[in-house]
Amino acid sequence: MILSIESSCDDSSIAITEIKTNKLIYHKKISQELQHSLYGGVVPELAARLHVEALPKILEECKEYFPFLKAIAVTNAPGLSVTLMEGVTMAKALSISLNLPLIAVNHLKGHIYSLFIEKEEVLPMTILLVSGGHTQIIEANSLTDMKVIATTIDDSFGESFDKVSKMLHLGYPGGPVVQEYSLKGDVNRFELPIPLSQSPKIEFSYSGLKNAVRLHIEKLENSEDGITEQDKYDICASFQKTAVDHIMQKLKKQFKQKVPKNFAIVGGASANIYLRAQIDELCKKHNMGLYLSELKYCSDNAAMIGRVAVEQYKLKDFISIEEIDIQTRIKEF
Ligand code: KG4
Ligand code: ZN
């Protein structure tokens, strides 16, 4: 079995995965959403302190599996340096004290392998990764052969939901609440420009859309009646539609060049129902297989890190405690 640790942002999570079968033997995640919600976003130092509290508590529950462990895996990039540090420090300590090899896992590969938790891997695949930190189209041929073919030039898809939510004082994370508000809103009430719609390039941008939303909110707030709940529903609905339309426009452009056999959406924001429905329709039209991770594995978790670690274990892709480093960003896989 492999014990894996995830602490790249605001979720403290540990999993135990059986190497031979990919079976998830144990999995726990303690989310910090409530604590960060007060601030409208993740506060790195607070997140690090909460990991220090949560990770040892979870680890305590895993002790019975220690005799069966063959390796310790941990997310080392990308993420917040102060929070990654907590997971990596714990992994190093376990590696030394249990005399087990250490595996450094790329968090983005984790999101991709969330598709294969307790399953066999299905690659090659074209993947849309939408999270709080990333908006990318990735061509994944194998664990060690992945290429980013499109990315955002500023904010990410998930981040734009968080920012809209913050502007409307709806708390953090923004994705689920903006999606909920959208259900009661009119998608056509506010005219919002689809980002980069005239550009032939396949890339994403969300800062302009966020600013357009901000102007509408400010106008409503300064109006005689102030901003109403219905205004908020309509803002969320118009924003969500435009944010997803932007992705759809670029995907359609991409598929004009090459239609993949298999397509997947991963990352925390891949839970978005409207995005899933639009992509489902597009995949049916092109006869593509669509892969989605289970909703419980969309957001950050250690089960997906453990699933990658199983493959790295088979490749003997270990790292020494002196060599393992933390990277807040990574350009390429
Ligand atoms: O993958 P994740 O848990 O953390 C990162 O690696 O960033 O993704 C979290 C992001 C947040 O920005 C959150 O607002 C967004 O995913 N998210 C959503 C939805 N659920 C979560 N965005 C849009 N619609 C959703 N339903
Ligand atoms: Zn993530």
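Colleague: What joins β1 to β2?
Modeller: A hairpin, through 4 residues. This is a predicted model, where local features need pLDDT of at least 70, side-chain atom pairs count only at pLDDT 80 or more, and totals for chains, interfaces and linings use all residues. Residues are numbered from 1 along each chain as its sequence is written, chains are lettered from A and ligands numbered from 1 in the order in which they are written, and side-chain values use heavy atoms, with hydrogens and water left out.

Colleague: How do you know that β1 and β2 pair?
Modeller: Pairing requires at least two bridges found by DSSP. β1 and β2 have 5 and run antiparallel, so they count as paired. S4 stands opposite A15 in β2. Strands themselves are DSSP runs of E, at least two residues; helices are runs of H or I, at least four; both are numbered from the N terminus.

Colleague: What makes β2 and β3 a pair?
Modeller: 7 bridges, again antiparallel. D11 faces S31 in β3. Their hairpin has 6 residues between the strands, and N22 takes a positive phi near 65 degrees there.

Colleague: Why is β2 called largely enclosed?
Modeller: Buried means under 20% relative accessible area; exposed is over 50%, partly exposed in between (1.4 Å probe, protein chains only). In β2, 7 of the 7 residues are buried, so the rest of the structure largely encloses it. D11, S13, A15 and T17 point one way, S12, I14 and I16 the other, and all are buried.

Colleague: What makes the sheet's pairing mixed?
Modeller: The open sheet has 5 strands in the order β3-β2-β1-β4-β5, with mixed pairing. β1 and β2 run antiparallel, whereas β1 (residues 2–6) and β4 (residues 71–77) pair in the parallel sense over 4 bridges. I5 of that sheet stands opposite V74 in β4.

Colleague: What packs on the sheet?
Modeller: Helix α2 (residues 44–62) does, touching β1, β2 (11–17) and β3. Contact means heavy atoms within 4.5 Å. The direction of α2 makes about 20 degrees with that of β2. Helix α3 (residues 81–97) packs on the sheet too, touching β1, β2, β4 and β5, at about 160 degrees to β4. Axes are lines fitted to C-alpha atoms, for helices over the stretch in contact; angles run from 0 to 180 degrees between N-to-C directions.

Colleague: Why is the site of the zinc ion (ligand 2) called irregular?
Modeller: The 4 donor atoms make angles of 93 to 140 degrees. Tetrahedral needs all angles between 85 and 135; four count as square planar, and six as octahedral, if opposite donors are over 155 degrees apart and all others between 65 and 115; anything else is irregular.

Colleague: Which residues coordinate the zinc ion (ligand 2)?
Modeller: H107 (NE2), H111 (NE2) and D300 (OD), at 2.0 to 2.2 Å. Donors are N, O and S atoms within 2.8 Å of the metal (3.2 Å for Na, K and Ca); water is not among the atoms, so sites may look incomplete. The spacing in sequence is H-x3-H-x188-D. H111 lies in helix α4 (residues 107–113) and D300 in the loop between β10 (289–292) and α10 (302–314), 189 residues apart, so this pair links distant parts of the chain. H111 and D300 are both buried.
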